[in-house]
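Colleague: I would like to learn how to read a model of a complex. Could you take me through it, one feature at a time?

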Amino acid sequence: MNRDNDKGKVLISRSLILGVGKLVLLLVIIARLYYLQVYQADKYKMLADENRISTRLLVPPRGIIYDRHMKELATNRQNFQASIVAEQTTNVQETLDAFKKIMPLSEAEEEKIKKDLRKNRSFVPIKIKDNLTWEEVAKIQLNAPDLPGIMIDEGLLRYYPLGEKAAPVVGYVSSVSDNDKKDDPLLEIPGFKIGKAGIEKLFEHPLRGKGGHLKLEVNAYGRVMKEIERNDGVSGEKIELSIDSRLQEKAYDLFGEESGAAILMNANSGEILAFVSTPAYDPNVMTQGISQKEWSELNNNERHPLVNKALSGQYSPGSTFKMVVALAALEAGVITPQTRSFCAGKMMLGNHTFHCWKGFGHGYINVVQALEHSCDIFFYETAQKVGINKIAEMARRFGLGDKINIGLENEKSGLIPDTDWKIRRFGEPWQQGESLISGIGQGYVLATPIQLATMTARIANGGYEVVPTFKKASEQNVTELKKIDIAPAYLDLVKQGMYDVVNSQGGTAYAHRIDFNGQKMSGKTGTTQVRRITMKERQSGVLRQEDLPWHLRNHALFVGYAPHDNPKYAIAVLVEHGRGGSVAADLAGKLLLQALKLDASEQPVE
Amino acid sequence: MYKFYETSFKSQTPTLKEKLQNLSFSYIMFILLLASIGILMLYSAANGNWKPWALNQGLRFGLGFAVMIAFALTDIRIFMRYAYSFYFVALILLIVVEVTGHIGMGAQRWINLGFMKLQPSELMKIALVLALARYFHSTPLQTIESIKGLIVPGMMVLFPAFLVMTQPDLGTALMLVFTAGAMFFVVGVQLWKFGVVILTAIICMPIAWHFLHDYQKNRVLTFLNPERDPLGAGYHIIQSKIALGSGGVFGKGFLNGTQSHLNFLPEKHTDFIFTMLSEEFGLIGASFIIILNFLIIAYSYSFALKSSSYFGKLVAIGLATNFFFYVFINTAMVLGLIPVVGIPLPLISYGGTVILSVMAGFGIILSVYINRNINIGKD
């Protein structure tokens with residue numbers, strides 16, 4: 001009985017101990033709750049948001065590039081793409097088969113679609129075909145009942161209406177490569193494209209705009225439940241260029257099969273109206289992704305479609321350099337307007353014979369006539385008298401020998417040699433013979449077509465330091481520009497010579513003269529050899545250009561301006577291996593005429 | 001066999017009217033409150049739908065409530081009389097599922113009764129408490145304190161625990177052992193014996209490890225380091241902690257738990273329902289549930305202390321302890337304090353047998369209280 005009592009007491013005391021134990025354990029639970037829900041709440045709140053919120057970047061529409069008359073040079077086109085969502089069809093294969101009846105798919109394409117379907121969750125749309133035409137879109141929509149799970153997506157694709165004709169100016173966009181600076185999260189988006197050349201590259205940042213973002217709530221399987229926040233970002237800025245697409249197209253078309261470069265600019269404001277380098281690449285192809293084969297074809301083409309010849313091509317300016325030589329000589333006083341030289345077709349300096357392009361010679365001529373006939377002997381002698389350093393100094397005043405810094409990639413600085421340069425470059429003193437050939441723009445002298453256009457514009461506008469630009473300018477007064485230190489009388493003399501080149505019966509470009517309501521063109525031809533003519537060949541008769549292989553033919557150049565009386569347009573044309581300067585003069589004349597005609601048609605009727 | 005001492009009981013046996021008056025109103029309110037919260041959480045778990053869980057749970061709770069009242073009104077001596085029989089029935093059912101489980105596919109823990117699936121292991125939780133209580137009721141303290149006296153009750157625990165473990169249901173097996181252990185403790189088994197058992201268990205652990213199923217090993221390893229496999233075995237516990245922690249003090253609001261409603265939280269209607277509750281109602285809601293459960297346990301204790309019979313006391317404490325282990329193991333597991341063992345939170349988690357067994361337990365505890373004045377003699 002006593003033990004029974006004990007048994008009851010033990011039960012009660014032990015039960016109480018057990019009860020206390022339970023209380024303690026439940027307090028541990030509450031302490032743990034406190035630790036997780038108060039002490040570590042912020043950490044877990046963040047993790048919970050990371051779980052549920054998926055942020056997507058929104059791509060802003062890229063800014064449109066317009067020409068001076070608001071015609072689109074680069075725009076965004078709707079790109080229609082057909083996709084399939086596996087979970088919305090009962091049988092993926094049946095749907096694909098039905099699709100193939102409407103639009104054939106290659107085996108490789110079908111393989112890729114199936115691979116993508118396997119890799120992704122069933123609600124993710126998988127691309128079947130993109131760049132669909134309107135017709136194809138209509139066909140798919142018409143057959144929608146037979147195509148469960150197929151949907152049409154709309155995206156934006158960069159489109160260049162002028163294609164290769166404006167490619168050297170506008171450039172193109174393409175996928176971000178590993179070398180590009182990743183300064184913007186937009187660049188991390190698969191398929192995002194950035195400017196790789198031309199204006200697209202130069203104004204990449206304003207054109208790109210600012211990316212927006214979309215915050216979506218997703219569930220554990222990644223399905224979107226709802227939109228939490230949306231920020232559309234900022235669309236890219238539009239850019240208006242100085243280019244006139246009508247002249248741009250005309251210039252490109254005038255080249256035909258020829259390759260070369262042409263720049264037509266406003267001689268007073270510097271606005272570039274046409275900027276052509278041919279042959280060029282199609283920026284639309286570049287943007288959609290170019291195959292390795294296509295790329296190497298472009299790269300290995302002997303006419304270098306990927307090189308912007310207007311900026312990156314350095315050529316001997318040839319006779320187009322003679323204005324600079326004339327100005328240097330007049331300013332130095334080594335010749336006067338009346339000074340005459342006798343051209344016998346060749347001259348001797350030491351052991352070397354220097355030939356004029358005209359074998360029989362020009363006889364006695366002055367500087368204006370020498371320009372008109374492009375007499376080489378006159379300029380050999382003049383160059384010899386004035387010396388290379390003064391020529392170089394004059395050339396630099398007119399924009400040669402240094403980059404224009406127009407902003408596009410791979411601009412070259414050309415080369416204007418002088419005695420110091422020769423020492424620095426070769427460690428040898430300047431030779432007199434080198435002055436002679438520099439006097440006709442050959443030898444070391446190199447210029448890019450844009451530099452030649454600049455030089456011409458500065459002569460045409462009466463000696464103002466105009467700088468070419470792609471930006472559309474509001475009416476700019478030429479007198480706001482810095483004046484080049486040159487006597488107007490000398491410029492007038494040179495301009496008279498250039499007038500005679502085109503408009504005087506004996507001028508080298510007489511055949512290409514233009515006359516539009518009395519507005520005439522002035523200019524200067526140039527022909528530069530790319531091969532040396534040997535003594536033997538000279539004796540046996542110089543080969544005709546037509547008989548030479550393309551890559552050995554002479555380069556043809558022409559610089560000019562119009563109208564002569566009140567110059568507005570300056571032009572530089574280079575036709576690679578174009579045989580003779582008149583090929584370039586013909587092209588320049590036609591383009592200037594077109595520009596004048598367009599001007600006339602746009603004049604308000606009074 | 002057991003004998004009735006009819007004459008001495010007459011005055012102590014309450015009438016039906018007295019019984020109904022003695023039903024503890026507060027105790028029943030706590031249970032109703034807990035079950036109501038559970039049904040609301042299931043409504044939330046289905047993203048604001050009564051189907052598929054909340055309505056079903058309500059019906060089962062109704063059935064469970066009827067069972068509780070019926071058991072509460074039953075004479076405590078009936079439970080004592082049929083304690084062993086009930087135990088053997090439960091044991092046979094356990095063997096049946098063991099055998100059919102081997103014939104069927106993999107783990108089978110239930111017998112299909114048509115309207116519900118009966119889990120014999122749930123029956124065993126109550127049967128074991130009753131059987132042990134009857135055994136200790138009629139065993140003198142000297143026998144309890146002797147090694148020999150522990151052989152029979154030890155077998156009574158280990159046999160079903162072993163069967164449940166091979167199902168395999170480690171959580172329920174542990175609950176049987178823990179509940180029985182707690183009863184051994186309260187009846188006065190010396191502490192050093194517990195020491196010996198615990199020490200033996202620790203020594204045997206490497207051997208036991210060998211017998212664990214791969215998924216059980218995984219659960220333990222994952223518990224020790226959830227980051228070990230964040231998308232696989234560790235996923236549940238990591239997501240559970242994120243859900244709990246992000247709930248903060250006040251929670252995200254009813255139906256607004258992101259972790260649960262966006263399906264980051266697995267098993268949100270069963271084992272991890274406490275996590276969802278904590279996400280939606282915060283520290284305040286979670287603590288309230290713990291306190292409510294503690295009150296139920298505390299009331300059960302007070303009923304036990306008021307009972308004049310040893311059997312009654314021990315049954316009430318045993319059943320309360322069983323209930324406690326449900327609550328503690330489930331919450332500790334979702335809080336990442338112990339490995340995930342698959343124990344539901346009673347009255348909140350979705351599941352029919354658990355509701356029935358827990359409600360039956362409450363009914364017996366109420367019966368202990370109602371029949372507190374009945375003094376049951378020794379066998």
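Colleague: What radius of gyration does chain A have, and what would a compact globule of 606 residues have?

Modeller: The radius of gyration is taken over C-alpha atoms, and the globule rule is 2.2 Å times the number of residues to the power 0.38. For 606 residues that rule gives a value near 25 Å, but chain A has 36 Å. Along the principal axes, the C-alpha atoms of chain A fill a box of roughly 155 × 60 × 60 Å. This is a predicted model, in which local features need pLDDT of at least 70 and side-chain atom pairs count only at pLDDT 80 or more, while totals for chains, interfaces and linings use all residues. Residues are numbered from 1 along each chain as its sequence is written, and chains are lettered from A and ligands numbered from 1 in the order in which they are written.

Colleague: Into which domains is chain A divided?

Modeller: Domain bounds come from an automatic or database domain assignment. In chain A, domain 1 covers 57–240 and domain 2 covers 245–295 + 307–602. Their C-alpha centres lie 46 Å apart. Two residues are in contact if their C-beta atoms, placed from the backbone, lie within 7 Å; 27 residues of domain 1 of chain A are in contact with 21 residues of domain 2 of chain A.

Colleague: How are strands and their pairing read?

Modeller: Helices (H or I, at least four residues) and strands (E, at least two) are DSSP runs, numbered from the N terminus. Two strands pair if DSSP finds at least two bridges between them. In chain A, strand β1 (residues 53–58) runs antiparallel to strand β8 (residues 212–218), with 6 bridges joining them. A:Leu58 stands opposite A:Gly212 in β8(A). β8(A) also pairs with strand β9 (residues 224–231) of chain A, in the antiparallel sense and over 6 bridges. There, A:Leu216 has A:Glu227 in β9(A) as its bridge partner. The hairpin of β8(A) and β9(A) has 5 residues between the strands, and A:Gly222 in this hairpin takes a positive phi near 90 degrees.

Colleague: How many residues of chain B are in contact with chain A?

Modeller: The contacts involve 44 residues of chain B and 36 residues of chain A. On the chain B side, the largest share, 11 residues, comes from α15(B). For residue classes, Ala, Val, Leu, Ile, Met, Phe, Trp, Tyr, Cys and Pro count as nonpolar, Asp, Glu, Lys and Arg as charged, and the others, Gly among them, as polar. By that scheme, the side of chain B that touches chain A has 28 nonpolar, 14 polar and 2 charged residues.

Colleague: Where in chain B is confidence lowest, and where is it highest?

Modeller: pLDDT is the predictor's confidence in each residue, from 0 to 100. Chain B averages 87, and 91% of its residues score at least 70. Confidence in chain B is lowest in helix α1 (residues 6–9), at a mean of 46, and highest in α15(B), at 96. Over residues 1–10 of chain B the pLDDT is below 50. Where pLDDT is low, the predicted coordinates should not be read in detail. For the complex, the predictor gives an ipTM of 0.92 and a pTM of 0.71.
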